Number of protein chains: 4
Amino acid sequence: MKKVLITGFDPFGGETINPAYEAVKLLPDEISGAKIIKKEIPTVFQKGPDAVYEEIQSSKPDYVLCIGQAGGRSQVTPEWVGINFRNARIADNEGNQPMQTSVVENGPEAYFTMLPVFRMVEKMKENGIPASVSYTAGTYVCNDVMYSVLHYCHTEFKDVKGGFMHVPFATEQTVNQPAGTPGMNLKDIAKAIELSVEAMLESDTDIKVVSGETH
Amino acid sequence: MKKVLITGFDPFGGETINPAYEAVKLLPDEISGAKIIKKEIPTVFQKGPDAVYEEIQSSKPDYVLCIGQAGGRSQVTPEWVGINFRNARIADNEGNQPMQTSVVENGPEAYFTMLPVFRMVEKMKENGIPASVSYTAGTYVCNDVMYSVLHYCHTEFKDVKGGFMHVPFATEQTVNQPAGTPGMNLKDIAKAIELSVEAMLESDTDIKVVSGETH
Amino acid sequence: MKKVLITGFDPFGGETINPAYEAVKLLPDEISGAKIIKKEIPTVFQKGPDAVYEEIQSSKPDYVLCIGQAGGRSQVTPEWVGINFRNARIADNEGNQPMQTSVVENGPEAYFTMLPVFRMVEKMKENGIPASVSYTAGTYVCNDVMYSVLHYCHTEFKDVKGGFMHVPFATEQTVNQPAGTPGMNLKDIAKAIELSVEAMLESDTDIKVVSGETH
Amino acid sequence: MKKVLITGFDPFGGETINPAYEAVKLLPDEISGAKIIKKEIPTVFQKGPDAVYEEIQSSKPDYVLCIGQAGGRSQVTPEWVGINFRNARIADNEGNQPMQTSVVENGPEAYFTMLPVFRMVEKMKENGIPASVSYTAGTYVCNDVMYSVLHYCHTEFKDVKGGFMHVPFATEQTVNQPAGTPGMNLKDIAKAIELSVEAMLESDTDIKVVSGETH
């Protein structure tokens, strides 16, 4: 039986919930015949990645999909690339605020996702979930986790395929956001994650679709 | 038993669904002890208002709440004012495209809503639905219906209280919209309408809250 | 010689400049053979309108065009309608924060602009300035001035034609605004006002163009 | 005398001008004592990079700053990272539309800018130009040029420092864009480029500032 580790962050930046882990909690324990392992991780530089590392060691999953909140985005966005860069506009949940430093000293500048993200996006769109591949995971703890997990998968856990996906604010979080801020129902976010997992289990080979960003 | 007439438009502008009537269909038949009358109306100048007029005549409701789609808004927005002006950027569903004409010849420039919209907004926000009072219903069929219904309520059906509320795109509609376009789950839109009806049935007197728009 | 009174507000809401009056100051003293009278007015409920009233009395202009800042808009937007409603999300420059009250007790719900706003918009667009007619001037001091000036013109100064136009943030104001906030060079804002005055002096009769807002 | 090569693209995507090269043309021939070499390059995969390559060979500059249009952005945005990925949502100016391919076969996943981008951003902001470091140059010809130029500088022209900067639409381009689309006066874009060149000539060492993106 295949195993998929799915992580979500605890709340940060003044929010009382994080739609990432709230949605992960709503997932079934099995998707397409694979066992789903759910794990909440801290929104803290290094400790976030460390928590995923430990869970990979103990659970030995085939896939790792880390979920983070991208407040302001309207679409569910699997990330294409994690970069070896930390730059925190706000402090993390333990007060760290690194400025223009590396995630992994002497690591490569970037890793590309190991998941079939275009396949995941098409599957979500076919099922009524707005989605697109994103080409920046930012420079905060989300990127820290994405880059680190891909680094672990390339250097140590070579049988594990890793990736990261950002999700919008939950609808109820937008009550106190400026007009125009998109939200998504937590059940739809959970459905988006489930569809993504189905897509990655269908095939490791990605599909080719007209997409991309002019900037 | 009080009666509340709730209308929603058919799809327009290339969309295959209209979240307005889709959400109305999801409403219960009774809210806070009042009977809910649901009616789909055409996205056609004059015919939209006419359909509401006829339903008021036959159903004799105490309240009329007309619902329209405001694609691009993130919040559910009860409208404050309907204006005596038609100006269509796109043709309506029968090909009419009035330019800079009146809704009602010699009618007043505007009518304000007869519903307790600030109370409705607070009730929605307390229940996790992003909402605010809007000060423009546009110049298309939505405004046509709002202005007309208020005109009927002020001149002919003097016991009926009327108003209009815009709702966001349904989430699935945003799949083919530009990134950043907000959507809302149809069940949340239906919940928003239900909460609004509860609020208007609680009291016709509105509440005072810090709100408003600087422009 | 025709006379055009053009007013602009002082800064509010934490801003150190107001592009409205900054741009007005850059205008020539004569446009299309008409004398331009420039006047700064306070961002204060009632006192803003009072200042315009006094200047109309003393200068006896043929036209009054009041300019206000609409931070977040990308286009120069002549306003179509002023409403008899005050609702302040933030305090004005003297600490007043009216909630859901009238501008003029027992005044009509709204006045439509007396200026050829579609003509003004076309002229601006032909000259490279993004522009559109807006259907809400908000519920703050800008709307207070618009509604009041139109009220004065309809009831007392019957030979004067009045109207209001919102302008974007000046580019330099957006340095500390969230990414995505549009700005406009003050010289372009001044050019937009100048083109608008030219358009209104060409003819009081407005043109018909496909335009309008679906909501 | 130091030499700075500054490139800008020709128009693409249905636009009749490209603010990138329009602004480059407005630059002085000398900035902070360095000679400015201006070059228009085609919005074509591979040919864009090739044109920069040839100009580096013939002009032997000390710095290369390539400028591209990022329609929809409000800020001038020096790019942090170029990625080894081509994915074209629209065809380029010769009809090429690569889907999910590499820029340089077997090249590293990404290169980070060689320019002091945080210093450049601070200088622009101090002078009234909205600016921030961006963490995605997209997957179109702009990224193609950025990645390629950095590849050339790391592998062949080791004394040259390269980088890329995106600029907003020119104000006049936004006349036919949806409401809300930011623009910037071409003179302000030119000033932004000039300030950036001044900043990079001051020092190759970057500054540390609180910045970054949570996603």
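Guide: Start where chain D meets chain A: 40 residues of chain D are in contact with 39 residues of chain A. Bear in mind that this is a predicted model, so treat every value here as computed from it. Interface size is often quoted as the accessible area lost when the parts come together. For chain D and chain A that comes to about 3300 Å², with 62% of it on carbon and sulfur atoms. Looking at the chain D side, the residues that lose the most area to chain A are D:Gln100, D:Thr214 and D:His215, and together they make up 22% of what that side buries.

What about polar links here? Between chain D and chain A, 19 residue pairs are in polar contact, while the count of salt bridges across this interface is zero.

Now for how the two copies are arranged. Turn chain D by 180°, with a shift of 0.0 Å along the axis, and it can be laid on chain A with an RMSD of 0.0 Å. That is the relation of a two-fold axis. Both copies use the same surface for this, as 98% of the contact residues of chain D recur in chain A.

Chain A has another partner to look at, chain B. Here the contact takes 19 residues from chain A and 19 residues from chain B. Chain B and chain A bury about 1400 Å² between them, and 54% of that is on carbon and sulfur atoms. Three residues, B:Pro130, B:Thr171 and B:Val175, supply 30% of the area that chain B buries against chain A, more than any other three residues. Sort the residues on the chain B side that touches chain A by class, and you get six nonpolar, 10 polar and three charged.

Not every pair of chains meets, though. Chain A and chain C have no contact, and their closest C-alpha atoms lie 11 Å apart. Chain B and chain D do not touch either, with their nearest C-alpha atoms 11 Å apart.

Key: Residues numbered from 1 in each chain as written. Chains lettered and ligands numbered in written order. Predicted model: local features only at pLDDT ≥ 70, side-chain atom pairs only at ≥ 80, totals over all residues. Heavy atoms only, no water. Contact = heavy atoms within 4.5 Å. Buried area = accessible area lost by both parts, 1.4 Å probe. Nonpolar A, V, L, I, M, F, W, Y, C, P; charged D, E, K, R; others polar. Least-squares fit on C-alpha atoms with pLDDT ≥ 70 in both. Salt bridge = Lys/Arg side-chain N within 4 Å of Asp/Glu carboxyl O. Polar contact = N/O pair within 3.5 Å; in protein donor to acceptor, adjacent residues only side chain to side chain.
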